[in-house]
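Please look through the structure shown here before reading on. The paragraphs below go through it part by part.

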Amino acid sequence: MNPSLSKNTWLREWSGPLTAELARTPGSFGLGQVPLRLAPDSLVSMVCGYCSTGCGLNVHLKDGRAVSLTPDPHHPVNLGMACPKGWEALTPLAAPDRLTTPLLRDRQTGRLEPVSWIRAMSEFVSRMRGIQERHGPHSLAYLSTGQITTEEMALLGSLFKFGMGGLHGDSNTRQCMATSHVAYKQSLGFDAPPFTYADFEESDVLIFVGSNPCIAHPIMWQRVLRNPHSPEIVVLDPRRTETAVNATLHLALKPKSDLTLLYGLAAALIQAGAVKAEFVNAHTTGFAEFAQFVAEFTPERVCLAAGLERPDFDRCVNLIAQGKRVSFWWTMGVNQGHESTRTAQAIINLALMTGNIGRPGTGANSITGQCNAMGSRLFANVTSLLGGRDTSNPDDRTHVARILGIPVERIPTEKSWAYDQILAGIDTGDIRGLWVIATNPAQSWIDQHRFLDRLKKLDFLVVQDLYSTTEMAQRADLILPAAGWGEKEGTFINSERRIGVLKNVSPAPGEALSDFSIFRLVAEAWGCGQLFREWRTPEAAFQILKRLSAGQPCDFTGIRDYRHLDEAGGIQWPYRAGQEDRLPASETRERRLFADGGFFHADGRARFHFEHPVPVAEPTTNEYPYVLLTGRGTSAQWHTNSRTGKSAILRALYPADLYLEIHPEDAGRLGLVGGGQVRVSSRRGTLLADVLITPTVSPGQVYLPMHYPEVNRLTCAQFDPYSRQPSYKHCAVALARP
Amino acid sequence: MPLSGSEVRTLVDELLHEQRELSAVAKFARASPSTGNRAPGQRHRDLIPLTAPRPGEQYGFEVDLDRCSGCKGCVTACHTLNGLDEAESWREVGVLLGEIQIPASPDPNAGNRVIPWQQTVTTACHHCVEPACLLGCPVLAYDKDPVTGIVRHLDDQCIGCSYCILKCPYEVPQFSAKRGIVRKCDMCQGRLAVGEAPACVQACPNEAIRITHVRSDWATIEWREKREATWLPDAPAPDYTVPTTRYLTKTQRPYLAAGDHYRNRPAHAHWPLILLLTLTQIGMGAMLAGWWRNGLPTTAWNLSRANLVGLAGFGLFLAGLGASVFHLGQPRKAWRVWLGWRTSWMSREAIALNLLLGVAGTTAAVSTVPLAWLGPLGRADATVPLLPFQVALCGLLTVAVAVGVVTQIMVYVDTRRSYWSWSQTGPRFLGTVLLGTALAGNWLEPSPVIAIGLGLILLLKLAQETRALKPAQSDESRRTQGRRSAELILGPLRPLWCFRLLAAAFGLAAVLFGPSAGLTPLIGGTLASVTLLTGELAERWLFFAAVSPDKMPGLP
């Protein structure tokens, strides 16, 4: 009996039905106490579906249904911890605006009406085919995501290009990781982030460039705080972010002076004699030219350009020069820039020239954004051919055709357009039909008004999503209801190349189908189902992916199946067949690349890439005197908030309305008061935001969190020429009292 | 090739069927409880004390601000691991923004420089040494464990009066509308009892939250100083309840303001309480005026104007009491309301108003029922002047009214909110009683003296209400409680404030100039009464809506 029950008197009820609602019980499975009414009868572990950290989450099941979840204490990534999004991963599945049937826009009323899958497929095929017949096979395009499984991405890319005869497809990883992809490929020979999370714990100097892991990747920051070497932490960021206040040195550089600063650091390191000549000579190409190139980036010039104090600059140089294990980490502050590929490569150059790669606690390390951006980079079949191959290489095409058992002539020889080029193609009438899968560019794409105008020019817009309410779905002609994370099987690849498995623990509402099933259905309806007979289930597709990876740097043929992944807590590539027996015990759970100094270019050498910095497209003027930065708001918000916005407890963790961070000096001059409102205008649009006065942004700069629908009305569509990633981190705005 | 209909149909059925099968569960689920019942991970046990607190000590949360990086996982973990409602968590986060001083260089003579700073803070129940919630609870629904010091809420004892919400400076108790009670953090005492860490402690990736022993003997000055050094800037002063949470940091933080420092929104109006206070107070005044003037009936029911005024006051008083029941989430448990009389002004108010109800009821009966029914006391005259026992009864009534109003005032003064201090609450509540008296007097025998008296009461009241607006003129950038209240009244609540002033002016005009304008006493009196009562209701609405207490740092 509950001991407090015996305390009950007629005057004082120590227990009873209301108290019982909060009763806890030992949860078994090593869970500790759990709420009595949610006590699980079984448990499955799966990888989280938000960011690229790839945390293991234990889903608690009761009578076969997911009732709760807790972070997996045995998972090598997160060690029993999760950020708020992970804790709340199940909640968005139960949202009332989940799609339960396909919806078709009625041509008379203009309203979206429920239809059957048969009708939806017939509409999809007849209208998409109609467009192809009128405007050619390449007049269709798709925009996909880093949020679906690798198996789904591979099936979509194969179906669209090999089955439907399309060419142009891209994914929202263009907004997030395209730069890292291109930078690694050019510098190291393959899109291969070299690190493992243990490197956070083993560095003595960590350099974060345009990265705010405290809130964007909190579980990675956990690993930094577990570092036993009292590391020096350097943060390069225009804002005094959560990570910057936790750093031992914060370089608050001017927006988009990063490339100049990184070249200046390289020049100063050469001056300081910090170059590891032996490593550079043995494993790289082009250092002499690079050294010559950066010589003009003197400390004086760089400090002036970046707005830094000389002692801070010198200290950063010394930390890198004297560090024994220096690791460099970058995220969206770098990737979402107008010269982002060269910026990322400037970081890679620093790691190469100082020999900080391939050893524990080192590396030029791109922290990925989305849960499966890495899967997309390898298998989306977007710009490269399946498995990181080259679509213009006949041998690669033949190889892929043989593995897939399809005629080689089905594989296009041309490269797909990038995201922005597809959108431009809508303007020119080259693209007439668009299929958007699990992404919400109507909110997230740069220069929103222009994007929305372009959508109106389409003949047919199909959106495949969990919710009917996203800005994108609301504009669709046809909506296909998708099952989400937790309602399907498949794999994700995280930032440290770890392949993790997700599982079907919750029934999808109504007739919602997994993206994998929808793609199979489309294949069948299109009449090319025969080509994809082997893609029967996600796990069957995984076996195809294994074969596609064979012989590539990302070879994971040693992974048996999903159960193997599940038991291991995810497995990092490469994991070649036979390798499992040869791995030293220390590397069974965590491994890094390039320990032997061998890179993936044919000659085994890494390349130094560099180029003169170029100005931003839209410098500030008298009329638009402030630099607008955008980025992550809080750890409780994800992308366009289409999922995180469904959880009431997450909503309590960030302001409900859009707010502008502004320095007290600027606010004072403009007469803006805390808690009041401000009108923010750029050449492209205008919005109202609440005023948040804070010195964590510098004078002359303002900051908007990206999760609110109106932010990208303001942003300026400039793209990195190599990765074609949009530059969200710089545009000129004017501020006024509303 | 167009659709091969039947094949697609078959596939749709097959895929929908597959989608409904939660096959992964069967394939992967760990069906057998493999690793016992302990909380995961050894590390959590380093974050809780190994022993029970010694005398003079209790458990307290300790937050290492230098380790808190702002992930907010503690909030969601509390929500999940305690099985709370959709939007419910017993931990909240806020942010402090501003500047701090750091040494300009390693050279100790170089002085300091100021750098921008932000700090996320996590707050839960502080399991105070002197818990305001517990001391204010009218039904003993709070218990402070004599050993651990954990302040626990007894959910089944709670009547849902929400007074603890007004009492707690940290917004800890939260009202659950669907249950009609409040709920709050119990420091996961059941977990601590078996050596498990509380949910928030378990879930912090950076081990920033732990449970430690803290001294609960607040008395020594030295300890008081130390406690304030481990408290947060821009948070309620800790000397009221003596919170036991300690916030540690190596940085200095003199210039930090809460992210919501500038946020200022009207508070909950609490309509049942507005009605309770206004109607009972007007009623008290009217009862006194009517029954002190009342003669006694002899052989027939007393329908004298004085008695009717007294009865009308009694009716208002009853209506106010009745309205208050709607403020309770668990009205059927309301009988417990006296239990906390030792410490709770809410209990005392309830007791005082119930005694007043008894006295007033008796007075009403005696004043109305024919004296002849009382046997030997009755006389043959038509009406008689006050009998000694009636004087005694009215005296008792007067005392009961005084005690009742004082307890009503103390209920709010005891929350230590500056807008509800004696200087605001006292004149308002007493003023309303006197206004009731004057209004009743105006009904009994309108005269210039009464009209002027009524005007004076009203003007004094308005003067005091207007004094609350003074802090709005401050030049300080920081917002004090008083300034926030003033800005609310002059900002979002301005229409209500204007209405309140207009109603008072109109009511006063009706009293002063009604007779000379040719209004009959009935019409003039009704007009004045209704208008002035409406004005008082608006005053009381402002009283609740414009209160803006200090709080723990919140989000922008």
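What is the mean pLDDT of chain A? The mean is 95, and 99% of the residues of chain A reach 70 or more; pLDDT is the predictor's confidence in each residue, from 0 to 100. Over residues 1–5 of chain A the pLDDT is below 50, and this stretch has 6 contacts in the model beyond near neighbours in sequence. Two residues are in contact if their C-beta atoms, placed from the backbone, lie within 7 Å.

This is a predicted model, in which local features need pLDDT of at least 70 and side-chain atom pairs count only at pLDDT 80 or more, while totals for chains, interfaces and linings use all residues. Residues are numbered from 1 along each chain as its sequence is written, and chains are lettered from A and ligands numbered from 1 in the order in which they are written.

Chain B is divided into domain 1 (58–99 + 117–258) and domain 2 (271–545), with bounds from an automatic or database domain assignment. Their C-alpha centres lie 39 Å apart. Domain 1 of chain B brings 16 residues to the contact and domain 2 of chain B brings 18.

Helix 13 (residues 422–444) and helix 14 (residues 448–467) of chain B have axes that come within 9 Å and cross at roughly 165 degrees. Helices are DSSP runs of H or I, at least four residues, numbered from the N terminus; axes are lines fitted to C-alpha atoms over the stretch in contact, and angles run from 0 to 180 degrees between N-to-C directions. Among the residues that meet are Leu434(B) in helix 13 of chain B and Ile457(B) in helix 14 of chain B.

Methods
Helices (H or I, at least four residues) and strands (E, at least two) are DSSP runs, numbered from the N terminus.
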